[in-house]
Amino acid sequence: IVIIGVLGLGAAKIILPMLDKSKQLSSSDAKDIKGNITIAYDSWAGYIPLCSQEMQKRMRQSGYLLECQNDNANYDLRMSNLKKGSINFAVATVDSYILNAEKYDFPGTIIAVIDESKGGDALVANKNRLKTIDNLKAHKNLKIAFTPDSPSEHLLRSIGSHFDVPMLVKNSGSWRIEKDGSEAALKELLKGSVDAAVVWEPDVSKALKNPDMVKILGTEDTTKLIVDILVVNRDYSLSNPDAVKTLLNNYFKTLKFFKLNPDKLIDEIRSSASLDSDNAQKVIKGVSWVNLTDNYHIWFGVDKGSAAASEGLVETIYSTVDILLDAQLFSQSPLPDGNPYRITNNSFIETTYKQTASGFNSNLTPEQGLKKEFKPLPESGWETLREVGTLKIHPISFQSGTHELSDAGKNELQKAIKQLKHYQNFRVIVKGHTGLRGDKQANLQLSQQRADAVMNHLISNYGLNKNRIRAIGYGAEKPLPKIDGESSRAYNYRLPRVELYLVSEEI
């Protein structure tokens, strides 16, 4: 009886709290929460959209609580936690992932490219001591300040490997002045205790304000060198594929939101990094975020049959391995069986892209497609659309000296509509141009009026959705190139024109 009683008390201590928790969940809004998702990250500006308030809001609306854990760029700890499953996702640069994940048997797969450093990192030097990379080879008692185990060190290794500066490839030597962060490295450079420093924005801009400093190499002049990625725990991706898809879907929507609302991104960076607006702008300029479209086509190359497809991620992995081998950090390729595809997984990008793109595609008839609904875009949204091309149309004529369409002009637009019916997913920019003669301001006004006239004609007579089309007058600012042997008279005749330019939304 005593034993039964003790077991009963023990069971009660376990079961009662469980019942209380179940009651608490079922009687509150928490019943709609599917689970928690944890991402390990650090303060690099490229990661801000992923852990922004906007992203967290979207995840809550999808039924998940998003928790971002800042481990201050402790990559070894990050990979250890990913291996244990105490975090679901991790962000890293390609080089830091390969370097730190190898000993944990690569516990996650790369499911997205987040961004590429494009000016965010740079090797800056005192120009009285160094001006070129070749100067590094001959310099005696060289000292460079940098942050170890960071993109700064990878940039130095890359320079050493690609430009044959053996010293920079080595992981030891008196040249290495290791500092905790970009700001500390910059201080060493400005006070003259080092010859050069690898820093990131806004410290790059701060350094170059000093007339004695010169940028030797910045990541704005590199391609696929310092690339940030999103990695998911392998077990989590297998057991929770819907959660992974939800995260990616909301992330790319968040990225698009910030692209259309850059002021919101500046506010987010100011808040998270404690920067003023000017420095926040500099940080943004140093990051090239990768949208869903480019992940699908350029980085993962999912559409292998397309001429535009490339496997930028695999190329980056291979080049990174070469640099790490050159630095003798590994004796052979650290990739499982030397196979980069063992650490990537394009299925989530493929699913997310196809689901998102399906919202742009339709089975509308050509007539219905002309009247297809489009969401309104702010000015910044029109500026970010991808160029497709100009429809082939004959010159659209107007009443002489006016913006009134002539009958011939209306007929030409009717022919253009027949072409446009085939491309119902594209938006349209009507571009108005004039000849080179006459008053500049008057030409600009006339070109805008003619572009507006064409736009309004297409809306009122063919039912084009007003959110789909935009009119811009350029005046004489963008003349056509002159054809070899063309007379001035013929050339001037071709200049006044209205173009129908198709553009596509990136997702």
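Helices are DSSP runs of H or I with at least four residues, numbered from the N terminus. This is a predicted model, where local features need pLDDT of at least 70 and side-chain atom pairs count only at pLDDT 80 or more, while totals for chains, interfaces and linings use all residues. Residues are numbered from 1 along each chain as its sequence is written, and side-chain values use heavy atoms, with hydrogens and water left out.

**View 1. Helices around the largest pocket.** Here α8 (182-190), α9 (203-208) and α12 (262-273) each give at least two residues to the lining of the largest pocket. A pocket, on a 1 Å grid over the protein atoms alone, is an open set of points where a 1.4 Å probe fits, with protein on both sides within 12 Å along at least five of seven lines; lining residues have an atom within 4 Å of a point. Which residues lie nearest the centre of the largest pocket? They are Ser43, Trp44, Gly181, Ser182 and Trp200, out of 34 lining residues.

**View 2. The largest nonpolar core.** Such a core is a set of buried Ala, Val, Leu, Ile, Met, Phe, Trp, Tyr and Cys residues joined through side-chain atoms within 4.5 Å; buried means under 20% relative accessible area (1.4 Å probe, protein chains only). Among its 74 residues, Phe89 and Leu230 touch the most other members. Helix α11 (residues 241-260) brings the largest share of this core, 8 residues.

**View 3. Asparagine 279 in its helix.** Look for Asn279 in helix α13 (residues 277-285). Asn279 counts as buried because its relative accessible area is 12%. Leaving out residues up to four places away in sequence, Asn279 touches Pro202 and Lys206, contact being heavy atoms within 4.5 Å.

How values were computed. Buried < 20%, exposed > 50% of the residue type's maximum accessible area, 1.4 Å probe, protein only.
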